[in-house]
Amino acid sequence: MQIYKVGGAVRDRLLGKPVTDIDWVVVGATAEEMLAKGFRPVGADFPVFLHPKSGEEYALARTERKSGRGYGGFTFHASPEVTLEEDLIRRDLTINAMAEDDQQNLTDPYHGQRDLDDRILRHVSPAFAEDPLRVLRVARFAARYAELGFKVAHETLELMRQLSESGELEALTAERSWKEISRALMESQPQVFIQVLRDCGALKVLMPEIDALFGVPQPEVHHPEIDSGIHTLSVLEQAALHQQPLTVRWACLLHDLGKGLTPEEEWPRHIAHEHKGLKLIKAVNERFKAPKDCQELALLVGQYHTHGHRALELKASTLLELLQSFDVYRRPQRFEEFIVACEMDARGRKGLEQRSYPQADYLRGAASAARGVAVQPLLERGFKGPELGEALKRERLKALKAYKESASS
Ligand code: ATP
Ligand code: MG
């Protein structure tokens, strides 16, 4: 049997990037031989094994044929006769379809190295269209390598467009989609992921709520970029520039969905878009089964981001309601994520990327003032049950009034 490094490990070494996980392909072997060498099978009918020591993935060279809709609809054929070239041709992009032996000799039948040099993301063969997940993968690689100048090839974008129009994207499971989306959002330029999906018509299918923001104007005084879709991309860009976690990036992406529902007669204003957007945010959350912390933060940021921007003008009682809504006493981290999401929203506007955002520290101060109210003295005064809750609220309100006064003096 011959063993080769494939996929990301080869690509990233040639790009001079750190290689984290290595995928291997094994040519000329049977499953029985792998088991005899101590490899552990990954799944019952999948010709992939884990190395007994390193735990890395070793896949038998295989060919694939599409046999139905979605990813379940594939039949694999793995046998010792399948060649390296046959295995590589079923891969998504030419830059992912190179192999390397232990002497670093490159096998590159589909010209991945040339495309690496030219900074092009190009599909390997027309079989690309057999797995709709590849639309998301290409967009994710575009987001990752945008900083190196990579672009999607015209003919690949065309195939992605055909796939998006074919209805195949709807067959993707929430789990597979979310895995790509969440990884793409954590790349260095996640806004490119959304842009590429939009360019090929996939955004309209996967997240029509975001697609609908493009072409919707906002008031120029607050939004020099005007377009709500462009604003959303910029907010996401800021979140990545400031290395925010996935929860914040997800919330940034969804914060303004309500603007897509504003009747044209009301443009460029978007009265109550925060509230109107909630059902859309919920729908997107559920469509991709986003993790609970992402779902929660997206809804809270959607509902309260304008409160964040107006923080300095809010009455003490409104500040208190805001803090209560976030349960800042038990979930301080979540409120901090809200604050930074608001800051990204404020900076994701043309020409305002460097603006200061005093609201952030003001909100932090308010949170610590409210959190500083001790329960013990109230217990000692005999409060319990709902009365204790009310007393606590009164004390917090007092603390916030004092905080507001000290902050404005
Ligand atoms: P990463 O750095 O994100 O791990 P990778 O290229 O190694 O990038 P993997 O998901 O680990 O990506 O997959 C390993 C290889 O398997 C890819 O390089 C590609 O050749 C192939 N591959 C994975 N998923 C698909 C797919 N859905 N369609 C076609 N080829 C795929
Ligand atoms: Mg990999």
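Which pocket is the space taken by ligand 1? The space taken by ligand 1 is the largest pocket. On a 1 Å grid over the protein atoms alone, a pocket is an open set of points with protein on both sides within 12 Å along at least five of seven lines, whereas a cavity is a set of points where a 1.4 Å probe fits but cannot get out. A molecule sits in a cavity or pocket if more than half of its atoms lie within 2 Å of its grid points.

The model is predicted: local features need pLDDT of at least 70, side-chain atom pairs count only at pLDDT 80 or more, and totals for chains, interfaces and linings use all residues. Residues are numbered from 1 along each chain as its sequence is written, chains are lettered from A and ligands numbered from 1 in the order in which they are written, and side-chain values use heavy atoms, with hydrogens and water left out.

Ligand 1 is surrounded by 16 residues, and the closest are Arg 11, Asn 96, Arg 134, Arg 144 and Arg 183. A residue is near a molecule if one of its heavy atoms lies within 4 Å of it. Helix H1 (8–14) and helix H5 (133–145) each supply at least two residues of the shell. The largest share, five residues, comes from H5. Helices (H or I, at least four residues) and strands (E, at least two) are DSSP runs, numbered from the N terminus.

Polar contacts to the ligand are pairs of N or O atoms within 3.5 Å. An oxygen atom of ligand 1 is 2.6 Å from an N or O atom in the side chain of Arg 183. For the side chain of Arg 91, the distance from an N or O atom to a ligand oxygen is 3.1 Å. At Asn 96 a polar backbone atom is 2.9 Å from an oxygen atom of ligand 1. Taken alone, ligand 1 exposes 590 Å², and the protein buries 82% of that. Accessible areas come from the Shrake-Rupley method with a 1.4 Å probe.

Seven strands form an open sheet with mixed pairing, in the order E3-E4-E5-E2-E1-E8-E9. Its edge strands, E3 (40–43) and E9 (106–107), each pair on one side only. Two strands pair if DSSP finds at least two bridges between them. Strand E2 (residues 23–27) pairs with strand E5 (residues 57–60) in the parallel sense over four bridges, and Trp 24 stands opposite Tyr 58 in E5. The pairing of E2 with strand E1 (residues 2–6) is antiparallel, over five bridges; here Val 6 stands opposite Asp 23 in E2. E1 also runs antiparallel to strand E8 (residues 99–100), joined by two bridges, with Lys 5 opposite Glu 100. E3 and strand E4 (residues 46–50) run antiparallel with three bridges, and a hairpin joins them through two residues.

Most residues other than glycine have a negative phi, and most peptide bonds are trans. A cis peptide bond, with omega about 0 degrees, joins Trp 267 and Pro 268.

Note on methods
Polar contact = N/O pair within 3.5 Å; in protein donor to acceptor, adjacent residues only side chain to side chain. 1 Å grid on protein atoms, 1.4 Å probe; cavity = no way out; pocket = protein on both sides within 12 Å on 5 of 7 lines; lining within 4 Å.
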